[in-house]
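Here is a short briefing for a reader who is meeting this structure for the first time. It takes up the aromatic pairs, the nonpolar cores and the pocket in turn.

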Amino acid sequence: MHVAIIMDGNGRWATQRGLPRTAGHIEGAKTVRSVVEAAARSGVDVLTLYAFSSANWSRPAGETSALMRLFGQYLFTETRRCVEQSIRLNVIGRRDRLGDNLLRAIEQSERLTAGGTGMHLRIAVDYSSQASILQAARRVRAEGPLDSDAFMALLNEVDHCAYPSGEVDLLIRTGHERRLSDFLLWECAYAELYFADCLWPEFGESEFKAALDDFARRQRRFGRVAAHDPLGIRGEGT
Ligand code: IPE
Ligand code: IPE
Ligand code: MG
């Protein structure tokens, strides 16, 4: 089970309270901790969180540097918790535009959590799905087989994803927007979409459970007709 989350709405959460946007990001980081733990307890195999898109570099420098600083702090405090919970942490996305200290922190977290046998936690930072697909396409060799698994392996390689992660089963987005914002375009080919009616700092364990419950009620057909309805004469959702 691979769950991916577009964690959106931190800025609006803060603005509604008359606070600077950064205060929303600080609150959002607390949500990350509780959702990671809830996912691990729920038996999710892979959790991919969208923390910073490549497009987010176009925000004011004060906000991007605050986000990078928060991410570094997150790695500093959460690596130990990941080790304790046997969670393997992996940062996906471009690395060439991150600061040296942050890069070292990422490498250290990945090294320290590499032995985890539980959930695989992927945090997307400076991530653009279109850029990853383009880069993977450039690595395709003219000869040799290329099926979707092989292409997925190339994508994982360009994204610095150290372990196989597979396609997304459930994509959750908070923050009242209904778009993908360049997140996991290839991996979400057959993902179930779930839009939580709250801002990211308001999302918690019960909202996460509600998303999983909703997912459990979905009928995934992958283009086929339902197994119990071979003639396809009953409507959707039966
Ligand atoms: C999501 O919250 C966090 C990042 C994109 C880094 P936003 O910062 O996008 O918050 P809103 O959408 O402006 O409320
Ligand atoms: C998507 O949120 C990126 C992250 C959550 C990191 P944005 O707030 O950047 O997306 P748009 O601009 O609303 O599409
Ligand atoms: Mg946003």
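**Briefing on the predicted model**

Trp 200 counts as buried, because its relative accessibility is 1%. The structure shown is a predicted model, and it holds seven aromatic pairs.

**Aromatic pairs**

- Phe 151 and Trp 186 form a tilted aromatic pair, with 4.6 Å from centre to centre and 50° between the planes.
- This pair links distant parts of the chain, since Phe 151 belongs to helix H6 (residues 148-158) and Trp 186 to the loop between strand E5 (170-173) and strand E6 (192-195), 35 residues apart.
- Phe 151 counts as buried because its relative accessibility is 8%, whereas Trp 186, at 31%, counts as partly exposed.
- The rings of Trp 200 and Phe 203 have centres 5.2 Å apart and planes at 20°, so this pair is stacked; Phe 203 counts as buried at 3% relative accessibility.
- Tyr 50, Tyr 127 and Phe 183 form one aromatic cluster.

**Nonpolar cores**

- The largest nonpolar core has 40 residues, and those that touch the most other members include Val 3, Ile 5 and Phe 208; the largest share of this core, six residues, comes from H3.
- Apart from this core lies another, of 13 residues, with Tyr 50 and Phe 183 among them.

**Largest pocket**

- The largest pocket has a volume of about 640 Å³ and is lined by 30 residues, of which Met 7, Asn 10, Tyr 50, Ala 51 and Phe 52 lie nearest its centre.
- The residues of this lining divide into 15 nonpolar, eight polar and seven charged.

Methods
Residues are numbered from 1 along each chain as its sequence is written. Chains are lettered from A and ligands numbered from 1 in the order in which they are written. This is a predicted model: local features need pLDDT of at least 70, side-chain atom pairs count only at pLDDT 80 or more; totals for chains, interfaces and linings use all residues. Side-chain values use heavy atoms; hydrogens and water are left out. On a 1 Å grid over the protein atoms alone, a cavity is a set of points where a 1.4 Å probe fits but cannot get out, and a pocket is an open set with protein on both sides within 12 Å along at least five of seven lines; lining residues have an atom within 4 Å of a point. Grid points are joined across faces, edges and corners, and a volume is the space filled by probe spheres set on the points. Ala, Val, Leu, Ile, Met, Phe, Trp, Tyr, Cys and Pro count as nonpolar, Asp, Glu, Lys and Arg as charged, and the others, Gly among them, as polar. A nonpolar core is a set of buried Ala, Val, Leu, Ile, Met, Phe, Trp, Tyr and Cys residues joined through side-chain atoms within 4.5 Å. Buried means under 20% relative accessible area, exposed over 50%, partly exposed in between (1.4 Å probe, protein chains only). Helices (H or I, at least four residues) and strands (E, at least two) are DSSP runs, numbered from the N terminus. Rings of Phe, Tyr and Trp (its six-membered ring) pair if their centres lie within 6.5 Å; planes under 30 degrees apart count as stacked, over 60 as edge-to-face and the rest as tilted.
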